[in-house]
Amino acid sequence: MIKVTGLDAMARQLDELAKFSKALDGGLVTVKFDPDDPVSVQGAIRQMEAAVDAKAAPYRSNGMVMDLAAKTKAHFREAIRARRPAHP
């Protein structure tokens, strides 16, 4: 007979991941910035990252949540940077 352990911890982590995902759904944060101004772009990125970090804060010990938070920040960081105009 094989004893499987850790399922309670896995269930808790998955529950926390679901709660974090739901918290991200909808209005996370509205950032306004001047895409021509690098300082403004960086400010928008910092504001967005702070909003994601605030939603992830209750789950800091959950690696799955923190991984999703990092991927979410990377996604939005690139979306903000993509708004910068291309200069010849």
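The model is predicted, so local features need pLDDT of at least 70 and side-chain atom pairs count only at pLDDT 80 or more, while totals for chains, interfaces and linings use all residues. Residues are numbered from 1 along each chain as its sequence is written, and side-chain values use heavy atoms, with hydrogens and water left out.

Start in the middle. The largest nonpolar core has 15 residues. Such a core is a set of buried Ala, Val, Leu, Ile, Met, Phe, Trp, Tyr and Cys residues joined through side-chain atoms within 4.5 Å. Buried means under 20% relative accessible area, exposed over 50%, and partly exposed in between, with a 1.4 Å probe and protein chains only. F20, V52 and I80 have the most contacts inside this core. The helices α1 (7-24), α2 (38-56) and α3 (63-82) each supply at least two of its residues. Helices here are DSSP runs of H or I with at least four residues, numbered from the N terminus. α2 gives the most, with seven residues. In soluble globular proteins, nonpolar side chains tend to be buried together.

Now follow α2. This helix has 19 residues. From first C-alpha to last, α2 reaches 27 Å, close to the 27 Å expected at 1.5 Å a residue. That expected span is 1.5 Å times one less than the number of residues. At the start of α2, a side-chain oxygen of D37 comes to within 3.1 Å of the backbone nitrogen of V39. The buried residues of α2 include V41, I45, M48, E49 and V52. Its buried residues pack against α1 and α3.

Next, look at how α1 and α3 meet. Their axes, lines fitted to C-alpha atoms over the stretch in contact, come within 9 Å. They cross at roughly 25°, on a scale from 0 to 180 degrees between N-to-C directions. α1 and α3 are therefore roughly parallel, a label for angles under 35 degrees. Contact means heavy atoms within 4.5 Å. On the α1 side, the residues making it include L17 and F20; on the α3 side, they include V65 and L68. Beyond four places in sequence, F20 also touches V52, K55, A56 and Y59, among others.

K73 is found in α3. Why does K73 count as buried? Because its relative accessibility is 17%. Leaving aside neighbours within four places, K73 is in contact with M48, E49, V52 and D53. E49 lies in α2. Its side chain makes a polar contact with the side chain of R77, at 2.7 Å.

Definitions and conventions. Polar contact = N/O pair within 3.5 Å; in protein donor to acceptor, adjacent residues only side chain to side chain. Parallel < 35°, antiparallel > 145°, perpendicular 65-115°, else oblique.
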